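The sequence and the model are shown first, and the description follows.

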Amino acid sequence: MSNTDTRKTEGSRRRVDVIVVGAGFAGMYATYRFREMGKSVVGVEAAGDVGGVWYWNRYPGARCDLMSVDYSYGFSEEIQQEWTWSEQFASQEEILAYANFVADRLDLRKHYNFNTRVVSAVWDDAARLWRATTDSGETLEAPFCIMSTGPLSIPKDPDIAGIDRFKGQLLRAQKWPHTPVSFEGKRVGVIGTGSTGIQIIQTVGRQAVELFVFQRTPSFTLPMRNHKLEPDYVAEMKRHYPAMREAMRNNPTGGTRPATSRPYFSLPPSQRLQAMEQAWINGGHTFLGSFADLLTNQEANDQVADFVREKIGEIVKDPKVAEALKPRGYPIFARRPCLDTEYYETYNLPNVHLVDVASDPIVEITEKGIRTQSGETELDILIFATGYDALTGALLAFDVVGRNGRTLKEKWKSGARSHLGIMIEGFPNLFATGGPNGPAALANLITIAEHDVDWIADMITYMEANGLATVEPTPEAEEAWMKLVVSLAERSLIRKANTWWVGANVKGKPQGLTMFLGGFHKYRELCAAAAQDRSSQFVFDRARESAAA
Ligand code: NA7
């Protein structure tokens, strides 16, 4: 089938080869890859343009905490030669400009219906196709459906009474206005001290007349040490891109940070301290690259946590504030480690006030601001940086109905189950990129996206070459994958913190770690092995016969 123009047609029914949900980095690459395979592709995207999370998160200070050269596509040598990153850690503006550059360069927009949401996706077993209905009234039909909906795309408001009552300006980090917001002369409140809140606080704290930070759980945050990239460095990097991408694909993080096999206690105390000081000076995620066992050895983890707490104490001048900022009660790195630029120093500014809502809980949001047990704080602007219904949220936000009318909500009522984070038993020809039970959020999402899309493309190519119409994982293969995911999680300290990684931030959500902790390199190996072992891992179409490799 040839490529088709896929402009929106109100109220119509349209048949294509592949539906791609999402125009973030995974969806864009999927759209490109399938088009290059000669498929007709239609993309559906709720936002007004490409960029995914970077389209929405326009809050002050928004920045990626993966290095820009890592957090970019490797599939096209032309694109990586033509695009030049300006900073070690790119700002939201630069990443969005990059997404737009790629969309222009590959002419991707013509495949997308923007400002459009899928409201349901239903598998028709007789016709062997997915039927996706959108909120514009269009029905799309395709044998293959790719969910590139992103692990962080359903924002979550805090569970606090009175949100609608607030008469000032209420802003959500993940739905930030496209026009500039002025903080000058304003009393600003921020709820949320994860990565997003930290970036907002360190930026707005230097702009607002008064900034009130309502902190329930402090995060550990490490110096980002961001800097401009020198032309010589960029030129050198461009010369080595192919080798660098190959190294990334063989790295546990899917990035360039060198891995280590050195356990913390293999070094004498003075050298451990020296390594930690160096990691602090180097910045970024150097700690995790300095010792191999920080997520498995509680004692090692405690010592690194103490080191960071000491640093907080050295930076923050008011001892009471410093104490409240020191995270306790969960292992360091068990919440996603944040990277900051003078975040702790922000609390030395006279206009920045920490309200410790762990000891003085928020009672309600009022017309004028926030009431905690000890009193009301009046605010002109209130910012929510309260996170996401992550990993599974976007896939469960609309009805996905598989074989025999079984919904994804039903299948996942006790927790997300998948095979390789890519396929789901009972949901033929449905593929996720960066899906639950894959390494999403623990590794570079663009590396994962490229891998997953390529894996799916290989699967479809194999099916077509062998006259196979449908594929889904066997129950046994899915069960074995889930056992592996759970057994790796049980060994990790990550499960010891109440975070979005384990679903703890959403009331009623099944709890548990739905991420593969074996590292991206291992994930890649296991996906390749599954693709080789097709007959035991997957059930293929019509005759329900297992296909020989
Ligand atoms: P996170 O990391 O989920 O952080 C959300 C923050 O919001 C966290 O500090 C929460 O505190 C806080 N929160 C949520 N509800 C409340 C209420 N009711 N009261 C006070 N504080 C509240 O989301 P981010 O957007 O910062 O980061 C998500 C990912 O994006 C990040 O990990 C990077 O991968 C990029 P809590 O911990 O629940 O006490």
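Leaving aside its neighbours within four places in sequence, F538 is in contact (heavy atoms within 4.5 Å) with H419, L420, M423, W455, M459, V471, E472, P473, T474 and A530. The model is predicted, so local features need pLDDT of at least 70 and side-chain atom pairs count only at pLDDT 80 or more, while totals for chains, interfaces and linings use all residues. Residues are numbered from 1 along each chain as its sequence is written, and side-chain values use heavy atoms, with hydrogens and water left out.

**Nonpolar cores**

F538 belongs to the largest nonpolar core, which has 67 residues; F25, F34, W85, I422, F431, W455 and F538 touch the most other members. Helix α14 (residues 445-465) gives the most to this core, namely 10 residues. A second, separate core holds 55 residues, among them L294, V321, F333 and L339. A nonpolar core is a set of buried Ala, Val, Leu, Ile, Met, Phe, Trp, Tyr and Cys residues joined through side-chain atoms within 4.5 Å. Buried means under 20% relative accessible area, exposed over 50% and partly exposed in between, with a 1.4 Å probe and protein chains only. Helices (H or I, at least four residues) and strands (E, at least two) are DSSP runs, numbered from the N terminus. In soluble globular proteins, nonpolar side chains tend to be buried together.

**The parallel sheet**

An open sheet of 5 strands runs in the order β9-β18-β10-β11-β14, with parallel pairing. Its edge strands are β9 and β14 (352-356), each of which pairs on one side only. From one strand to the next, the twist averages 20°; axes are lines fitted to C-alpha atoms, for helices over the stretch in contact, and angles run from 0 to 180 degrees between N-to-C directions. Two strands pair if DSSP finds at least two bridges between them.

| Strand pair | Bridges and direction | Residues facing each other |
|---|---|---|
| β9 (residues 169-172) and β18 | 4 bridges, parallel | L171 and I383 |
| β10 (residues 187-191) and β18 | 4 bridges, parallel | G189 and L382 |
| β11 (residues 210-215) and β14 | 5 bridges, parallel | V213 and L354 |

Strand β18 (residues 381-384) is covered on both faces: I381 and I383 on one side, and L382 and F384 on the other, are all buried.

Helix α5 (residues 195-204) is also mostly covered, with 8 of its 10 residues buried. These buried residues are T196, G197, I198, Q199, I200, I201, Q202 and V204. Their cover includes strands β10, β11, β12 (221-223), β13 (338-340) and β18, together with helix α12 (343-346).

**The mixed sheet**

A further open sheet of 5 strands has the order β1-β7-β6-β5-β19, and its pairing is mixed. The edge strands here are β1 (13-15) and β19 (399-401), each pairing on one side only. Neighbouring strands of this sheet are turned by 15° against each other on average, direction ignored. Within the sheet, strands β6 (residues 129-134) and β7 (residues 139-142) run antiparallel and are joined by 4 bridges. W130 stands opposite A142 in β7.

**Helix packing**

How are helices α7 and α16 oriented to each other? Helix α7 (residues 241-249) packs against helix α16 (residues 520-532) at an angle of about 80°, with the axes 8 Å apart. The two helices are therefore roughly perpendicular to each other, a term for angles of 65 to 115 degrees; angles under 35 degrees count as roughly parallel, over 145 as roughly antiparallel and the rest as oblique. E246, M248 and R249 of α7 meet F520, H521 and R524 of α16 in this contact.

**Two loop threonines**

T366 is found in the loop between β15 (362-365) and β16 (369-372). This residue counts as buried because its relative accessibility is 5%. Leaving aside neighbours within four places in sequence, T366 is in contact with R165, F166, R371 and E376. The side chains of T366 and E376 are joined by a polar contact of 2.5 Å. A polar contact is a pair of N or O atoms within 3.5 Å; within protein, one must be able to donate a hydrogen and the other to accept it, and residues adjacent in sequence count only if both atoms are side-chain atoms. A polar atom of the T366 side chain also lies 3.2 Å from the backbone nitrogen of K368.

T514 is found in the loop between α15 (475-490) and α16. With a relative accessible area of 14%, T514 is buried. Apart from its neighbours within four places in sequence, T514 is in contact with L391, A416, P436, N437, G438 and W501.
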